[in-house]
Amino acid sequence: MNIEKNQAARMAVEKIQNNSVVGLGSGSTAAIFIRLLAEKVKKEHMNIVCVATSIKSGELGSSLGLKVVDIDDVSSIDVTVDGADEVDYDLNGIKGGGAALLFEKIVASKSKYNIWIIDSSKFHKKLGNFKLPVEVIKFGSQRIFDCLQEMGLNPTYRLNDDSTRLLTDSSNYIIDIDIQHVSDLKSLSNALENLTGVVEHGLFINICNELLIGGLKKDIKRSE
Ligand code: 5RP
């Protein structure tokens, strides 16, 4: 699938215009995009300012010579290019497989245009193959876990290789839930947002403007 990720990232980098503010996504596909963007900026002497969706992506961008600034140092972001874990035919998606969903959603919400780059295995009629990440604050997280259990969503804490609980860039936990049997995603999104202690979840509804699928070489724009 790396070839497909590469293709999608190449399609995206061609869309980046000079004198723009670009959001750098997180994950392996976004990392390919960041490398290609750094090459393009150097080769074409472009004036690009970047905002990162994770510490890792910011460090990668800076190490390659991109100008990465704090999100609060820009008034808006022209375009953000990010990966996704699963996308449906309406361009809604699940993100957060790399635990960066909180910053990703904040950067996306400050972006005028959001492009997602994926390989063809992630494009499905209905979301739910991938577990939905829910970012929760540590304090009292077991209560949220129990609520999610009662909702029939089979929660599991995301763990590190050494079985300790994974911490996000904001020092929160991730609880992954199974949404295969959920038909109304908007209601689920509202229900999760109403649970005190939930910081964010990885359902990205009506956020992606354009989806680039490697392999299929498809470029799908959201119909307004
Ligand atoms: C990180 C994300 C990533 O965009 C998503 O996990 C896709 O990653 P990859 O490109 O490595 O498959 O949401 O939080």
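Which residue does the UniProt annotation "active site" cover? The unreviewed UniProt entry places that annotation on Glu104. The model is predicted. Glutamate 104 sits in helix 4 (residues 101–109), and helix 4 is one of the elements that give two or more residues to the shell around the ligand.

- Glutamate 104 has 30 other C-beta atoms within 10 Å. The cut-off for a buried residue is 20 or more, so glutamate 104 counts as buried.
- Leaving out residues up to four places away in sequence, glutamate 104 touches Gly25, Ser26, Thr53, Asp82 and Lys95.
- Helix 4 is largely enclosed by the rest of the structure, because 7 of its 9 residues are buried.
- The buried residues of helix 4 are Leu101, Leu102, Phe103, Glu104, Lys105, Val107 and Ala108.

**Ligand shell**

- The ligand is surrounded by 18 residues. Gly27, Thr29, Gly83, Gly97 and Gly98 are the closest.
- Helix 2 and helix 4 are the elements that contribute two or more residues to this shell.
- Helix 2 provides the largest share, 3 residues.

**Nonpolar core**

- The largest nonpolar core has 63 residues. Ala12, Phe33, Leu37, Ile117 and Ile118 touch the most other members.
- Helix 2 (residues 28–43) gives the most to this core, with 8 residues.
- Alanine 12 is in contact with Phe33, Val81, Ile115, Ile117 and Leu212, neighbours within four places in sequence aside.
- In soluble globular proteins, nonpolar side chains tend to be buried together.

- An open sheet of 4 strands has the order 9-10-8-11, with antiparallel pairing.
- Strand 9 (156–157) and strand 11 are the edge strands. Each has a single partner strand, so one side of each lacks a neighbour in the sheet.
- Strand 9 joins strand 10 through 2 bridges, and the two run antiparallel. Threonine 156 faces aspartate 176 of strand 10 across this pairing.
- Strand 8 pairs with strand 10 (residues 173–177) over 5 bridges in the antiparallel sense. Here glutamate 135 stands opposite isoleucine 174.
- Strand 8 also pairs with strand 11 (residues 198–201), antiparallel and over 3 bridges. Valine 136 has valine 198 of strand 11 as its bridge partner.

**Strand 8 in detail**

- Strand 8 (residues 132–136) is largely enclosed by the rest of the structure, because 5 of its 5 residues are buried.
- In a regular strand, side chains alternate between the two faces of the sheet.
- Both faces of strand 8 are covered. Leu132, Val134 and Val136 are buried on one side, and Pro133 and Glu135 are buried on the other.

- Another open sheet is formed by 3 strands in the order 5-6-12, paired antiparallel.
- Strand 5 (86–87) and strand 12 (203–204) stand at its edges. Each has a single partner strand, so one side of each is left without a neighbour in the sheet.
- Strand 6 (residues 93–94) and strand 12 run antiparallel and are joined by 2 bridges. Glycine 93 is opposite phenylalanine 204 in strand 12.

Key. Residues are numbered from 1 along each chain as its sequence is written. This is a predicted model: local features need pLDDT of at least 70, side-chain atom pairs count only at pLDDT 80 or more; totals for chains, interfaces and linings use all residues. UniProt positions are given in the numbering used here, feature names are shortened, and annotations may be inferred rather than shown by experiment. A residue is buried if 20 or more other C-beta atoms lie within 10 Å of its own, exposed if 12 or fewer, and partly exposed in between; C-beta atoms are placed from the backbone. Two residues are in contact if their C-beta atoms, placed from the backbone, lie within 7 Å. A nonpolar core is a set of buried Ala, Val, Leu, Ile, Met, Phe, Trp, Tyr and Cys residues joined through C-beta atoms within 7 Å. A residue is near a molecule or strand if its C-beta atom, placed from the backbone, lies within 6 Å of it. Two strands pair if DSSP finds at least two bridges between them.
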